[in-house]
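This report describes how protein chains meet in one model. Please keep the sequence and the structure in view while reading.

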4 protein chains.
Amino acid sequence: MTESRVASDADVLHDYIARCSNWGRWGDDDERGAINFIGPDQIRNAAALVRRGTSLSLTLPYDARGPQSGAFRSNPQVLTTATGLDYLAGEQDPLPAGWGAAKGFGYADDLLVMHTQAGTQWDALSHIFWEGKMWNGRSAGEVTSQGSKANGIENYTARIVTRGILVDLPVLRGVDSLEPGYAISVNDIEECLAAHSLEIRTGDALIVRTGFMAARRGNWGDYAGGSAPGLSLHTASWLHEKEIAAVATDTWGVEVRPNEIDYFQPLHIVALVHTGVAFGEMFDLDALAADCANDGVYEFMFVASPLPLTGGTGSPVSAVALK
Amino acid sequence: MTESRVASDADVLHDYIARCSNWGRWGDDDERGAINFIGPDQIRNAAALVRRGTSLSLTLPYDARGPQSGAFRSNPQVLTTATGLDYLAGEQDPLPAGWGAAKGFGYADDLLVMHTQAGTQWDALSHIFWEGKMWNGRSAGEVTSQGSKANGIENYTARIVTRGILVDLPVLRGVDSLEPGYAISVNDIEECLAAHSLEIRTGDALIVRTGFMAARRGNWGDYAGGSAPGLSLHTASWLHEKEIAAVATDTWGVEVRPNEIDYFQPLHIVALVHTGVAFGEMFDLDALAADCANDGVYEFMFVASPLPLTGGTGSPVSAVALK
Amino acid sequence: MTESRVASDADVLHDYIARCSNWGRWGDDDERGAINFIGPDQIRNAAALVRRGTSLSLTLPYDARGPQSGAFRSNPQVLTTATGLDYLAGEQDPLPAGWGAAKGFGYADDLLVMHTQAGTQWDALSHIFWEGKMWNGRSAGEVTSQGSKANGIENYTARIVTRGILVDLPVLRGVDSLEPGYAISVNDIEECLAAHSLEIRTGDALIVRTGFMAARRGNWGDYAGGSAPGLSLHTASWLHEKEIAAVATDTWGVEVRPNEIDYFQPLHIVALVHTGVAFGEMFDLDALAADCANDGVYEFMFVASPLPLTGGTGSPVSAVALK
Amino acid sequence: MTESRVASDADVLHDYIARCSNWGRWGDDDERGAINFIGPDQIRNAAALVRRGTSLSLTLPYDARGPQSGAFRSNPQVLTTATGLDYLAGEQDPLPAGWGAAKGFGYADDLLVMHTQAGTQWDALSHIFWEGKMWNGRSAGEVTSQGSKANGIENYTARIVTRGILVDLPVLRGVDSLEPGYAISVNDIEECLAAHSLEIRTGDALIVRTGFMAARRGNWGDYAGGSAPGLSLHTASWLHEKEIAAVATDTWGVEVRPNEIDYFQPLHIVALVHTGVAFGEMFDLDALAADCANDGVYEFMFVASPLPLTGGTGSPVSAVALK
């Protein structure tokens with residue numbers, strides 16, 4: 001890579017940051033970013049999209065068959081602490097905790113061990129840093145081993161309730177999946193929207209399907225960390241101008257990999273850190289895509305509230321599309 | 001306790017079971033129970049309740065300050081695996097996983113360790129057994145150390161989207177909190193409903209506030225496992241007849257403790273195991289109660305989809321009330 | 001495989017079980033098995049082998065670079081709960097737990113998440129079952145989700161202190177590593193012993209190096225679960241007759257894989273379940289091998305006491321060879 | 001507290017630090033501290049103390065009944081991933097991981113979740129900081145959320161093998177337990193040593209019993225973090241002069257609590273951070289005390305090698321006394 005290219009990459013990045021920053025827009029204390037675009041109108045309008053009375057899960061099952069290889073993160077483990085087999089064997093009689101004789105009663109219980117970003121998940125605004133800062137100019141130093149003192153995932157809880165729009169580019173292109181390295185452009189997105197006569201409105205959640213989860217499901221390989229199709233860095237201005245609240249994809253990192261410039265995850269740097277857009281990753285969009293193909297309706301009520309893990313830098317989420 | 005009382009307790013319990021069982025009602029393979037009462041009409045009608053465009057969280061923060069004492073379950077731990085302080089100290093340059101030079105980029109990440117029922121949570125239908133069986137007559141033996149082969153919490157994912165109705169008895173009675181041992185009766189509930197001109201409809205979620213979480217918040221004592229106000233066993237027939245899909249309370253176990261008969265958690269035995277009602281526990285209802293008191297509207301769209309923890313016997317949930 | 005071969009495999013296995021069983025030998029309540037062969041003489045004699053005053057670790061580091069692939073077990077995770085960077089950033093002032101002003105003081109702390117058998121480890125006698133039973137005829141049903149009510153790993157704590165003898169067959173054969181599938185025979189072992197003029201005595205720990213850890217170190221592949229060199233099933237009678245207390249190898253499963261007969265891990269079935277020999281796996285023997293090659297002394301004091309994890313089915317262990 | 005007292009406390013502390021520091025003594029790269037006092041002579045001499053052939057565990061069982069209250073650290077959890085009850089129910093046939101038909105074979109397995117310092121444990125030299133530094137002048141900043149880049153617990157592995165001497169002051173004083181707040185002095189220790197005609201030698205491990213674990217066992221209260229008997233700060237010079245390698249007690253923090261000067265854990269600051277003495281906490285010394293009272297021998301071979309948890313700030317340990 002020549003020096004001029006390197007200089008040019010830095011220029012590109014800094015130019016996007018300058019144009020797309022929302023720091024201060026909702027006050028210096030804001031910890032929610034573009035989710036602030038979701039207000040009463042967005043919630044009411046979203047609810048008005050519930051016409052058929054259908055609910056679809058957008059969340060990949062959390063279990064040992066998930067996409068993690070164990071190198072950077074590992075798959076969720078649900079560890080039992082009491083089972084039906086214990087109960088049948090008489091192990092719960094008497095009951096624990098001084099609860100007395102079982103008299104026919106029994107229970108099962110378990111404990112969850114999981115990287116918060118092992119599967120379908122929202123990045124918190126405390127997940128990514130750039131030049132020492134995170135969203136709204138807060139110091140990266142506010143994220144300690146005690147968690148995030150600012151921009152934690154709990155700020156999103158109950159806030160991600162808005163219109164979702166499915167952009168299903170592989171279907172439009174007649175392919176099963178976009179290829180790793182394919183950078184989804186603004187034109188691609190607008191072509192999808194136009195095909196369904198949809199226009200982005202302030203506070204929308206843009207749900208982008210690449211087909212890459214379908215292509216790798218059950219035989220994940222480097223799905224969670226390797227090359228992938230995804231949003232182009234050059235969608236940054238459009239995401240900012242359209243006042244999009246959240247973007248979610250069926251890939252591990254929203255944006256295309258390898259990256260288009262010589263910076264790691266530059267769309268995270270621009271759109272998450274500076275524009276404050278909520279990033280949702282590894283959403284399972286195949287059932288939704290089939291439903292939308294069937295009824296021709298690509299907009300829906302999107303409810304995807306993360307767990308209030310105090311100070312968390314991400315969270316698993318049970319996301320639903322309601323139509 | 002006399003022998004006749006013991007016999008009588010058994011009779012009471014068996015009588016309720018006989019009258020309230022829904023086993024087989026939705027087929028022998030059903031793993032969802034009363035959540036089946038939620039269909040397209042319920043979802044549409046719930047969405048129609050979103051009038052002001054307000055979203056309220058019903059979930060207690062998940063952190064070390066939670067209600068668990070450590071004796072039976074412990075509080076959630078969010079353990080960091082990468083922090084902003086690491087990043088500022090240069091620990092992330094180069095980036096891990098072969099991602100190259102940091103060039104200003106950094107990240108934080110974490111891992112969650114929590115009992116699935118440590119805080120606000122749904123019981124799965126695989127959580128409770130009675131005389132060898134769980135919901136729909138499935139053997140307790142299907143819950144092994146590998147998880148639930150039937151009736152796991154993933155069966156509720158995307159399904160708990162319906163009308164919620166807040167029953168706020170302490171407000172009606174002019175007290176801060178009902179006392180431990182107070183058994184909430186059908187009359188209590190109907191009096192609350194009548195005060196707001198509401199009637200239960202098939203598939204509703206009954207959200208019952210006792211004030212006990214408010215009374216113990218931050219100074220939990222034996223909140224998670226001790227005596228508590230809660231639903232009377234004698235609401236069982238009414239829950240069954242009214243075709244209620246889910247019940248959630250601001251206590252650890254939905255039903256009154258100590259129990260009214262000499263069986264442990266008899267309402268679980270009747271209403272969860274046999275009627276198949278979804279039980280939600282430790283819901284944080286205080287903000288919702290304040291909102292309802294303010295606008296006088298005690299019905300709302302209730303979206304409370306648990307994480308699809310495959311085979312889980314419960315799940316944390318980010319529950320929202322939309323009005 | 002022909003029917004007669006299958007019958008023959010069953011015969012072989014049952015014949016070894018019949019000849020090698022120690023059930024009842026130390027009483028019906030015994031939970032220690034062949035470790036009972038270690039008595040005061042063994043401990044004293046072992047201590048007498050400490051001549052140079054050298055201590056060598058036989059334990060592989062426990063960390064994310066370990067041999068597990070994540071499919072069956074995952075590598076150990078040490079998760080920090082307090083760091084020096086927190087401290088330097090002022091996050092520990094005041095100190096937690098009411099300990100007051102830091103005044104210069106700081107600390108780091110962490111939490112371990114690991115499969116007990118993820119690295120260097122002892123199998124407990126509750127780890128393996130055969131036809132419904134574990135060591136000494138105890139029912140497998142005594143191992144519940146609450147742990148082992150019998151034969152738990154805590155029974156070995158403080159008991160594995162004896163003479164260790166290193167059998168280093170690859171060195172004798174002039175190869176770096178035995179090949180996967182190589183079944184180490186009694187002749188192989190005795191040839192090694194004879195080369196160093198050693199004879200097995202009651203209560204010895206037989207430490208068998210295959211070179212396979214050295215061959216795979218850092219590039220583990222299927223090391224933890226795949227094909228491997230190891231002890232032949234046909235060493236079973238010799239292990240029994242020699243009254244060996246413990247066997248440890250530098251492979252994941254002590255015995256050769258694939259197995260020599262059509263049963264999974266038949267030497268576990270015979271020697272662990274019935275003879276009651278302690279099985280140690282993934283011991284890191286390379287430094288010891290180099291030391292023994294250097295001084296020509298292949299016997300040493302072996303101290304390898306597992307953690308008293310109450311009811312555990314295995315334990316990591318910090319094993320040392322003292323010479 | 002008057003200003004002069006505060007000044008005086010600072011003077012006391014700084015004076016001890018100046019007199020007791022071993023920084024640089026074993027080179028600028030040393031990560032072992034006073035454990036370096038243990039050499040071949042110490043190991044040989046320790047082995048020579050094994051006369052009766054007895055082995056005693058000094059480790060408290062690791063389980064849910066441990067001393068932690070959950071406020072700062074929680075008790076160990078051994079979570080089963082496969083049980084004998086699963087096996088008996090046919091859940092392991094076929095075996096996992098492609099291992100084929102069970103044909104009578106079964107297994108149990110588990111996963112450990114524990115704070116490294118929840119029970120009997122060694123502090124690593126990376127556990128405590130003072131004025132920005134840890135042992136040997138290394139920056140506290142070397143302890144990140146990825147663990148300790150210097151002074152991690154793995155530096156002690158295989159190194160803590162030396163003579164142990166039991167100082168049993170409550171027996172000498174004829175009490176069951178020293179009282180919380182009792183500061184054990186050099187005179188106290190020397191009186192105990194004299195009673196058994198023992199003298200400290202370079203590299204010894206000083207094992208100090210207060211009786212406080214016996215007093216609190218099973219009814220722990222604030223045992224793990226509250227007031228306790230323990231070593232006086234004023235033993236610091238003596239520990240340094242005597243070239244003691246390690247100190248272990250039956251209390252949570254080695255030194256007396258409340259502290260004698262207005263600094264938190266000042267003996268940690270002097271003896272651990274500056275002298276580099278290994279600190280062992282919550283050692284279970286009651287069986288050893290009984291044995292020593294019986295045979296009158298208060299010296300023994302002490303083998304207490306921590307797990308090589310790479311970068312860990314502490315480790316559980318299976319410590320044994322061999323006599």
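A salt bridge is a side-chain nitrogen of Lys or Arg within 4 Å of a carboxyl oxygen of Asp or Glu. One example is formed by the side chains of Arg73(A) and Asp109(B), at 2.6 Å from N to O.

## Basis of the report

This is a predicted model, in which local features need pLDDT of at least 70 and side-chain atom pairs count only at pLDDT 80 or more, while totals for chains, interfaces and linings use all residues. Residues are numbered from 1 along each chain as its sequence is written, chains are lettered from A and ligands numbered from 1 in the order in which they are written, and side-chain values use heavy atoms, with hydrogens and water left out.

## Chain A with chain B

Contact (heavy atoms within 4.5 Å) involves 90 residues from chain A and 90 residues from chain B. The size of an interface is often given as the accessible area lost when the parts come together. Chain A and chain B bury about 7100 Å², with 67% of it on carbon and sulfur atoms; buried area is the accessible area (1.4 Å probe) that two parts lose on being put together, summed over both.

Four salt bridges are found across the interface of chain A and chain B. There are also 40 residue pairs in polar contact, with both residues at pLDDT 80 or more. A polar contact is a pair of N or O atoms within 3.5 Å; within protein, one must be able to donate a hydrogen and the other to accept it, and residues adjacent in sequence count only if both atoms are side-chain atoms. On the side of chain A that touches chain B, strand 4 (residues 109–115) of chain A gives the largest share, seven residues. Strands are DSSP runs (E, at least two residues), numbered from the N terminus.

## A strand pairing between the chains

Strand 3 (residues 105–107) of chain A pairs with strand 6 (residues 128–130) of chain B in the antiparallel sense, over three bridges. Two strands pair if DSSP finds at least two bridges between them. Within this pairing, Tyr107(A) has Ile128(B) as its bridge partner.

## Chain D with chain B

Here 16 residues of chain D are in contact with 16 residues of chain B. The area buried between them is about 1000 Å², and carbon and sulfur atoms give 33% of it.

Two salt bridges are counted between chain D and chain B. The side chains of Lys149(B) and Glu91(D) meet in a salt bridge, at 2.6 Å from N to O.

Notes. Helices (H or I, at least four residues) and strands (E, at least two) are DSSP runs, numbered from the N terminus.
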